[in-house]
Protein chains: 2
Amino acid sequence: MTRYALTLEFDGTPFMGLQRQTHGPSVQQAVEEAVEAFCGEQVRMQSAGRTDTGVHAYAMRAHIDLEREWPTFKVSEALNAHLRPHPIAVTHCEIVPDDWHARFSCEGRSYIYRICNRRAPLTIEKNRAWQVPQHLDEAAMHDAAQVLVGQHDFTTFRSVNCQAQSPVKTLDRLNVYRRDEWVFIEAEARSFLHHQVRSMVGCLAYVGMGRWDKQRVAAALETKDRQALGLNAPPYGLYFVSAKYPDKT
Amino acid sequence: MTRYALTLEFDGTPFMGLQRQTHGPSVQQAVEEAVEAFCGEQVRMQSAGRTDTGVHAYAMRAHIDLEREWPTFKVSEALNAHLRPHPIAVTHCEIVPDDWHARFSCEGRSYIYRICNRRAPLTIEKNRAWQVPQHLDEAAMHDAAQVLVGQHDFTTFRSVNCQAQSPVKTLDRLNVYRRDEWVFIEAEARSFLHHQVRSMVGCLAYVGMGRWDKQRVAAALETKDRQALGLNAPPYGLYFVSAKYPDKT
């Protein structure tokens with residue numbers, strides 16, 4: 001058995017998320033079918049994160065086990081050929097030790113959320129960002145974001161469907177900055193709760209609009225009640241950026 | 001009569017180009033229909049450039065004339081509402097003097113061409129860039145590009161359908177640079193021939209692959225023969241960036 005670590009880039013628009021679903025297409029299913037088409041083996045792909053419908057990835061990490069040892073270049077080329085026309089690409093492939101696990105070995109995940117802050121609707125960036133017409137005060141958003149950094153019970157920012165054992169997570173970084181009409185929110189943690197990034201972004205957008213202040217964010221966190229959540233930002237602005245592992249990136 | 005200057009952003013994928021065509025949808029037709037839906041007036045839109053099928057625009061400039069003087073905010077909001085679901089947005093609207101002409105007053109046009117230089121197919125950037133799997137030497141491309149800068153007879157880089165009276169144009173700037181796996185080509189001139197940017201990019205890509213050298217580009221230009229052209233780069237990597245006018249940008 002040989003374990004292959006894959007780096008996946010995908011447009012999440014046509015998928016019901018990364019994880020295999022009974023009710024619609026998923027990134028996992030597409031990759032597993034490409035593997036079978038390539039070498040006839042039925043595999044179960046493991047990944048660093050489980051993204052929702054519409055959420056994108058620049059560099060999701062995953063692994064698959066194959067009976068045979070192939071040149072990694074051959075694996076990525078073959079998977080990319082069989083993945084067409086799905087908007088999923090294997091951008092890197094390497095052989096890893098059998099105890100390397102895309103999910104359990106992962107020590108850090110980072111996301112970026114892209115807001116297009118303007119009145120005009122999106123064209124080139126449609127399904128690639130959240131368009132917010134009200135002017136956002138990105139400095140106030142960044143300041144309020146710091147309330148969420150550190151170890152907290154993030155129950156307020158957790159989906160009702162979240163399967164994590166504990167709502168306590170340590171958020172390492174939550175930075176908000178602007179470039180022209182774009183506002184970016186970068187989030188980094190060992191792991192996140194289901195909907196955590198989108199929930200945090202939704203509340204920060206309220207702060208940017210002047211509807212909430214920093215104290216309100218602190219109070220919402222303190223309450224540990226999903227009802228206190230202001231807004232869940234839409235999935236299409238969210239991108240899985242990278243996963244960190246012990247030895248290398 | 002009031003003249004309104006519009007700034008348009010669009011995804012060129014679903015259109016037969018900017019200019020109205022009898023055989024398919026165009027940006028011009030979509031905007032003109034939105035104008036009629038908004039105020040009942042039938043107008044003929046003029047624009048700074050005429051882009052091809054699949055070519056995008058970040059900030060195309062255009063103008064329309066309306067009998068009535070509306071607040072510009074109302075015009076852009078109404079057009080954006082009526083333009084849905086076309087991937088076209090009016091990002092700016094202002095009232096200009098009657099002798100201001102989007103096409104004839106324009107003193108400079110700039111384009112950017114985006115190449116994704118990697119083996120893996122495009123996902124998030126599908127239809128937004130040209131994927132070139134062979135490694136490109138962007139320094140050699142930039143060096144060869146300088147052969148084309150200045151006043152030349154660009155017949156070699158001109159479409160057979162080009163309607164310009166003269167093939168002589170002055171290319172003000174042609175810069176090639178890389179950011180990670182992306183190679184960008186910026187072109188600036190008072191005006192361009194039909195297919196000129198894509199033809200220049202195609203030849204520069206040959207240089208980047210090592211198939212052509214700088215001398216070959218100079219020879220192709222010198223020949224003034226379309227047959228000497230190496231390659232016409234595909235339209236979906238090309239973006240109209242901006243148009244310059246006497247008084248303001």
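How many residues of chain B are in contact with chain A, and how many residues of chain A take part? In this predicted model, 25 residues of chain B are in contact with 25 residues of chain A, where contact means heavy atoms within 4.5 Å.

Because the model is predicted, local features need pLDDT of at least 70 and side-chain atom pairs count only at pLDDT 80 or more, while totals for chains, interfaces and linings use all residues. Residues are numbered from 1 along each chain as its sequence is written, chains are lettered from A in the order in which they are written, and side-chain values use heavy atoms, with hydrogens and water left out.

**The interface of chain B and chain A**

The size of an interface is often given as the accessible area lost when the parts come together. Chain B and chain A bury about 1900 Å² between them, with 57% of that area on carbon and sulfur atoms; buried area here is the accessible area (1.4 Å probe) that two parts lose on being put together, summed over both. Of the area that chain B buries against chain A, 34% is supplied by Pro121(B), Thr123(B) and Ile124(B), more than by any other three residues.

The interface of the two chains also holds eight residue pairs in polar contact, both residues being at pLDDT 80 or more. A polar contact is a pair of N or O atoms within 3.5 Å; within protein, one must be able to donate a hydrogen and the other to accept it, and residues adjacent in sequence count only if both atoms are side-chain atoms. On the side of chain B that touches chain A, the elements giving two or more residues are β1 (2–10), β3 (56–66), α2 (72–83) and β4 (88–96) of chain B, and β4(B) gives the most, with four residues. Helices (H or I, at least four residues) and strands (E, at least two) are DSSP runs, numbered from the N terminus. That side of chain B divides into 13 nonpolar, four polar and eight charged residues, with Ala, Val, Leu, Ile, Met, Phe, Trp, Tyr, Cys and Pro counted as nonpolar, Asp, Glu, Lys and Arg as charged, and the others, Gly among them, as polar.

**Two domains within chain A**

Chain A is divided into domain 1 (2–96) and domain 2 (108–244), bounds that come from an automatic or database domain assignment. The centres of these domains of chain A, taken over C-alpha atoms, are separated by 27 Å, and their contact takes 16 residues from domain 1 and 17 residues from domain 2. About 1300 Å² is buried between domain 1 and domain 2 of chain A, and carbon and sulfur atoms give 53% of it. Asp52(A), His56(A) and Tyr58(A) supply 42% of the area that domain 1 of chain A buries against domain 2, more than any other three residues.

**Salt bridges**

A salt bridge is a side-chain nitrogen of Lys or Arg within 4 Å of a carboxyl oxygen of Asp or Glu. Four are found across the interface of chain B and chain A, and two between domain 1 and domain 2 of chain A. The table gives one pair in each row.

| Salt bridge | Closest N and O atoms |
|---|---|
| Arg118(A) with Glu9(B) | 2.8 Å |
| Arg128(A) with Asp11(A) | 3.3 Å |

**A residue of chain B**

Glu188(B) has its place in strand β9 (residues 182–189) of chain B, and its side chain makes a polar contact with the side chain of Arg173(B) (2.9 Å).
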